[in-house]
Amino acid sequence: LVMSSANNTNNNNDAHGKQLQQLKTKTKATMCTMAIDSEAYLDEWVDYHHALGFYKFYLYDNSKYNDMKQWGWEKPRRDGVDVTVIHFPGVAKQVESQMDCAKRVLADQRRAEEQQKHRQQRGGDAVQKQQTLKPGLVKEEVQQQQNKTETAEQAEDKFYYWAAFFDADEFLMLKRHESVVEMLEEFGNVARLGLIGWCSGRGIKTHTDRNQSQRGFCTEVRR
């Protein structure tokens, strides 16, 4: 269970970390998974994580004949969830699918930043036009107003896009937060989070000792 940030941020840079804390962030969480023969419970899995705050899902269909294509077409239209199904057949393709998903999340972040930049440029042109029409404004005052506008725009233009790499039978459980976004905003200046996994299932008794739990391992014991 891993969550990675699309931002390449150095956690050891204290000055940069303080700067990040001062900026208003826009945090987005995307779920990446590979599945096969999972249509029976994918609705529950997607709906559960969508309710936690994941805004987009990239599902890699590992079946030979793209069995999830119809489900991937119906789900967004029926429930309003942003789901993209990518046909990804083959053996031992999970790592490759995760790399592909990471690239897609990074592209999503860059696209959002470009869109925000264009909106700011249009807004800046309008502000500058209004300022030139105001009588009595000297050059220094205009520059001060422009600097204030740029500072406010920078505070609104900090994006953090996270990719969560889960299996389709793994569910994120939050202990202290209402949403995954609220949790991730505490870690705006880190690049990756590792989560402890707990195993459960029919006919399986799960136990972990303290050392195993700290390392994030769980042991399945058959009854």
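Colleague: Which elements each supply at least two residues of the lining of the largest cavity?
Modeller: Those are β2 and α4, where helices (H or I, at least four residues) and strands (E, at least two) are DSSP runs, numbered from the N terminus. Please note that this is a predicted model, in which local features need pLDDT of at least 70 and side-chain atom pairs count only at pLDDT 80 or more, while totals for chains, interfaces and linings use all residues. Residues are numbered from 1 along each chain as its sequence is written, and side-chain values use heavy atoms, with hydrogens and water left out.
Colleague: What volume does the largest cavity have?
Modeller: About 40 Å³. A cavity here is a set of points on a 1 Å grid over the protein atoms alone where a 1.4 Å probe fits but cannot get out, and lining residues have an atom within 4 Å of a point. Grid points are joined across faces, edges and corners, and the volume is the space filled by probe spheres set on the points.
Colleague: Which residues line the largest cavity?
Modeller: The lining includes Cys32, Tyr60, Gln94, Phe165 and Asp167. By class it has 5 nonpolar, 4 polar and 1 charged residues; Ala, Val, Leu, Ile, Met, Phe, Trp, Tyr, Cys and Pro count as nonpolar, Asp, Glu, Lys and Arg as charged, and the others, Gly among them, as polar.
Colleague: On to the cysteines: which residue forms a disulfide with Cys32?
Modeller: Cys101 does, with the sulfur atoms 1.9 Å apart; the criterion is a pair of cysteine sulfur atoms within 2.5 Å. Cys32 lies in strand β2 (residues 25-35) and Cys101 in helix α4, so the bond ties together parts that are 69 residues apart in sequence.
Colleague: Why is the disulfide of Cys32 and Cys101 called left-handed?
Modeller: Because the torsion about its S-S bond is about -70 degrees.
Colleague: Is Cys32 buried or exposed?
Modeller: Cys32 counts as buried, at 4% relative accessibility, and Cys101 is buried at 0%. Buried means under 20% relative accessible area, exposed over 50%, and partly exposed in between (1.4 Å probe, protein chains only).
Colleague: Which element gives the most to the lining of the second largest pocket?
Modeller: That is α4, with 6 residues. A pocket is an open set with protein on both sides within 12 Å along at least five of seven lines, and this one holds about 310 Å³ of space.
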